[in-house]
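Subject: Handover of a structure, with notes

Dear colleague,

Please find below the structure that I am passing on to you.

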Amino acid sequence: MAPLPQGTTPQEHNAYSGQRRFFEFIRRSKRGVLRFGHFERDPSGKLHEKGVDVLLATERVVLAAKDAYYTAIVLSGDGDLAPAVEAVQGIYKRRVVVAM
């Protein structure tokens, strides 16, 4: 998770506390790699993490082209990564497991 911006409310910190605990578990286990974007506020003032989809998509394709992995496991909450996953599977014949 990207660092929360200055001026974040206590409610926003609480909303992301579960995610932070999960990410800390991943870091301690040393069995995964975490990638983060940055937070932006929409016109209503709600926080959204930005830049993660493009980062993950680019990384999957580049690493597959370098033959850097056999199986990728992608955990994502949206379908924006589908074109990159399909490209890796179709062009590079890699296994990409996606959990939404």
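In which loop does Asp 67 lie? Asp 67 is in the loop between α3 and β3, where helices (H or I, at least four residues) and strands (E, at least two) are DSSP runs, numbered from the N terminus. I return to this residue below.

Please note that this is a predicted model, in which local features need pLDDT of at least 70, side-chain atom pairs count only at pLDDT 80 or more, and totals for chains, interfaces and linings use all residues. Residues are numbered from 1 along each chain as its sequence is written, and side-chain values use heavy atoms, with hydrogens and water left out.

Overall picture

The protein has 4 helices and 4 strands, and their order along the sequence is α-α-β-β-α-β-α-β. The C-alpha trace spans about 45 × 35 × 20 Å along its principal axes. Of the 100 residues, 26% are buried; buried means under 20% relative accessible area, exposed over 50%, and partly exposed in between (1.4 Å probe, protein chains only). Taking contacts (heavy atoms within 4.5 Å) between residues at least 6 apart in sequence, 46% join residues at least 24 apart.

Helix α3

Helix α3 has 14 residues and reaches 20 Å from its first C-alpha to its last, close to the 20 Å expected at 1.5 Å a residue. That expected span is 1.5 Å times one less than the number of residues in the helix. Its buried residues are Val 52, Leu 56, Ala 57, Glu 59, Arg 60 and Ala 64. They lie on the same side of α3, because they cover an arc of only 165° around the axis; the arc is that of the directions from the helix axis to the C-beta atoms. Among the elements covering these buried residues are β2 (47-50), β3 (71-75) and α4.

Arg 60, in helix α3, has a relative accessible area of 15% and is therefore buried. Leaving aside residues up to four places away in sequence, Arg 60 touches Tyr 69, Ala 72, Val 74 and Val 88.

The pairing of α3 and α4

Two packed helices are described by the angle between their axes and the distance between the axes. For α3 (residues 52-65) and α4 (residues 82-92), the axes come within 9 Å and cross at roughly 10°. Axes here are lines fitted to C-alpha atoms, for helices over the stretch in contact, and angles run from 0 to 180 degrees between N-to-C directions.

Within α4, the buried residues are Ala 84, Val 85 and Val 88. They cover an arc of only 100° around the axis, which puts them on the same side of α4. The face turned away from that buried side carries the exposed residues Pro 83, Glu 86 and Ile 91.

After the helices

Just after α2, Lys 30 takes a positive phi of about 55°, and just after α4, Lys 93 takes one of about 60°.

Further positions

Gly 51 sits in the loop between β2 and α3 and, at 48% relative accessibility, counts as partly exposed. Gly 51 and Gly 77 are 26 residues apart along the chain, and their C-alpha atoms are separated by 14 Å. Thr 71 belongs to strand β3 and is partly exposed at 31% relative accessibility. Thr 71 and Phe 36 are 35 residues apart in sequence and 21 Å apart in space, C-alpha to C-alpha.

With kind regards
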